Amino acid sequence: MISKEITKWWQKAVFYQIYPRSFADGNGDGIGDLAGMISKLDYLQELGIDAIWLSPHYPSPFVDCGYDVSDYQDVGREYGNLEQFQHFLNLLHQRGMKLVLDLVLNHTSDQHPWFIESRSSRDNPKRDWYVWRDGQTGVPPTNWFSAFGGSAWQYDQNTSSYYYHYFFKEQPDLNWHNPEVKEAMFNVVRFWLDMGVDGFRLDAVGTIFEDEDYPPIPEGMSQEELYRMASRYSQPKGEKTVVAYHDEMFKHQVDRPEVHVLMQELRKVIDEYKDRVLIGETDDIAFYGDGNNELHLNFNFPLMRTRQLTAEHVRQNQVERLSALPPNAWPCNTLGNHDTARVYTAFGDGTHNNEQNKLYLMLLLTLKGTPFLYNGEEIGMSDYFFTDKTRFKDPLSVLYYELEKRVNGSDEPTALLRGALMGRDHNRTPMQWSNSANGGFCPPAVEPWLPVNPDYKAGVNVNDQVSNPDSMINFYRRMLNVRRQNPVLQTGEYKEITTESKDILSYCRSNEGQTLLVVLNMSPEIQRFRLPFKVKQILINTMKNWVHIEDPEPTLQPYQGVIYIAAE
């Protein structure tokens, strides 16, 4: 439980993730940029967004879609420049909005000047800025794997040694045991904070350290076997087996205790500035520290790790998550981002997707904690599984295409579909602004960096929806406004309400001045619900003309959600 006196902006805010390459193309080259983002600030303000999480905007060779940074203190030329960035930030602040940047701490690009120096010779001053081990060609220092395929060690012919990379070989890991590395990266943090940035989302925070004794993993483990297991199982029991195999494979490379000491040091740097926030790409509650000395927020990823968002799943998740938080720690909830399937695809049943999308927004904005949305969710964007290999931008698509052929012996169409499904291009496609060529993302004669989902022609675009009061985007606007106008939904206490139906999820959000009752039918069947106390008003309803305030036992349609104001 958090102290009533503590209410920070990041507790009350609704965050909106912008994937910069796909959000808005301001100069007509088929790539999103700062000019495009600036042109859409009024749109974001009208939507009701409080804060932006901006995915990497730094210079990068773009091997891993921008998470391979070649300069931490600049802007990629395709996006703009530092002057434009400062203008963008200033305009956000003028609108009362905040900006959080992605910060990649674990690794750099192999094109970063630091690494170019590090690999130039064994006695270079920056040699120890990365993780190097001696070895012979073809005999890596350990049998560890990279999370993105192959050995975790890359042989460097120039110095006859190996460097370590948890991700792609073009992303060498920094050596955070070196105090010079820590000083340089903390100066990066101060560089952006001095510009006025409001905080950071820390990428892959659990991978920063590895076991320096370099123990081997069990003989016989392989990524081929992991892939074979993953493609064989389709039930949760099987998935647990896959997770256990994966955790055993990478147990020496992630979530080392040293990372918590580092996070405490980074927190002190952040606390040199007023009202800044640290958000971790992790669901490990240990990263909250004692509730005051590590990260301010980390994601409740278990909420979205399910094939189906059922009432029972959410109930169990909330009981486990909220009870595990240390004093003063604040929850953080999301249902999708640039690395996962879009909400519309991940949790839609193919029949009630629109109703489900609205219901799940109501869920996300009324659970206790800070909610994160992903650009495009507000118009019901779905994943686009294009199978033209020449258009793949994510190397993981190619990796899984090759694994499917090699491990499962699949034919070309099956392997291409597998690559499309397992890569991340499908949920990073350009934002759909209008029912015109390329979804209005870029000029008709320009090829966008990723294909645009053709469903923009069927109303999945901003322009077609803004004039329709029943559209997805207008429900998002109403629901975001309800949250903003009712502070109890931002910082009120959460209490589950027991229901007769296992498919009804119900809970209260309460403070000293107001109690709201949230009732969600999480099933495809009509459900009846008995109100637990007197109510005086329906605040918002995901559907029209189905629930009446006078009815003490309302009938809820499939995937219908209602928020009531309790009588005083």
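**Close-up views of a predicted model**

**View 1. A salt bridge joins R119 and D156.** R119 pairs up with D156 in a salt bridge, and their closest N and O atoms are 3.0 Å apart. Here a salt bridge is a side-chain nitrogen of Lys or Arg within 4 Å of a carboxyl oxygen of Asp or Glu. The two partners come from distant parts of the chain, 37 residues apart: R119 sits in the loop between helix 6 (113-118) and strand 4, while D156 belongs to strand 5. R119 counts as partly exposed because its relative accessible area is 24%, and D156 counts as buried because its relative accessibility is 5%. For these labels, buried is under 20% relative accessible area, exposed is over 50%, and partly exposed is in between (1.4 Å probe, protein chains only). This is a predicted model, so local features need pLDDT of at least 70 and side-chain atom pairs count only at pLDDT 80 or more, while totals for chains, interfaces and linings use all residues. Residues are numbered from 1 along each chain as its sequence is written, and side-chain values use heavy atoms, with hydrogens and water left out.

**View 2. Strand 6 has cover on both faces.** In strand 6 (residues 161-164), S161 and Y163 are buried on one side, and Y162 and Y164 are buried on the other. Strands and helices here are DSSP runs numbered from the N terminus (E, at least two residues, for strands; H or I, at least four, for helices). Strand 4 (residues 132-134) pairs with strand 6 in the antiparallel sense over 3 bridges, with W132 opposite Y163. Strand 5 (residues 153-156) also pairs with strand 6 in the antiparallel sense, over 4 bridges, and there Y155 stands opposite Y162. Pairing calls for at least two DSSP bridges between two strands. Strands 5 and 6 make a hairpin with 4 residues between them, and S160 in the turn has a positive phi of about 50°.

**View 3. D64 and R424 meet across the chain.** The side chains of D64 and R424 form a salt bridge at 2.9 Å, N to O. This pair, 360 residues apart, links the loop between strand 2 (51-54) and helix 5 (82-94), where D64 lies, to the loop between helix 15 and helix 16 (462-466), where R424 lies. D64 and R424 are both buried. They also belong to a salt-bridge network with D339, D394 and R428. The structure holds 36 salt bridges.

**View 4. F85 sits in the largest nonpolar core.** This core has 136 residues, and Y16, F85 and M263 have the most contacts inside it. Helix 7 (residues 179-195) gives the most to this core, with 9 residues. A nonpolar core is a set of buried Ala, Val, Leu, Ile, Met, Phe, Trp, Tyr and Cys residues joined through side-chain atoms within 4.5 Å. Which residues is F85 in contact with, leaving aside its neighbours within four places in sequence? They are L34, L54, H57, V75, L99, L101, W192, M195 and V197. Contact means heavy atoms within 4.5 Å. Another core, of 28 residues, lies apart from the largest one and includes W153, Y166, F168 and Y214.

View 5. The 8 strands run in the order 9-8-7-3-2-1-11-10, with parallel pairing. Strand 9 (297-298) and strand 10 (332-334) are the edges, each pairing on one side only. Strand 8 (residues 277-280) and strand 9 pair in the parallel sense over 2 bridges, and I279 stands opposite L297.

**View 6. N357 is tucked into helix 13.** Look for N357 in helix 13 (residues 353-366). Is N357 buried or exposed? N357 counts as buried because its relative accessibility is 3%. Not counting residues up to four places away in sequence, N357 touches V343, Y344, E377, G380, M472 and Y476.

**View 7. Strand 13 has a partner on either hand: strands 12 and 14.** Of the 7 residues in strand 13 (residues 504-510), 6 are buried. Strand 12 (residues 493-496) pairs with strand 13 in the antiparallel sense over 4 bridges, and E496 has Y507 as its bridge partner. Strand 14 (residues 515-521) runs antiparallel to strand 13 and is joined to it by 7 bridges; there Y507 has V518 as its bridge partner. A hairpin of 4 residues joins strand 13 to strand 14.
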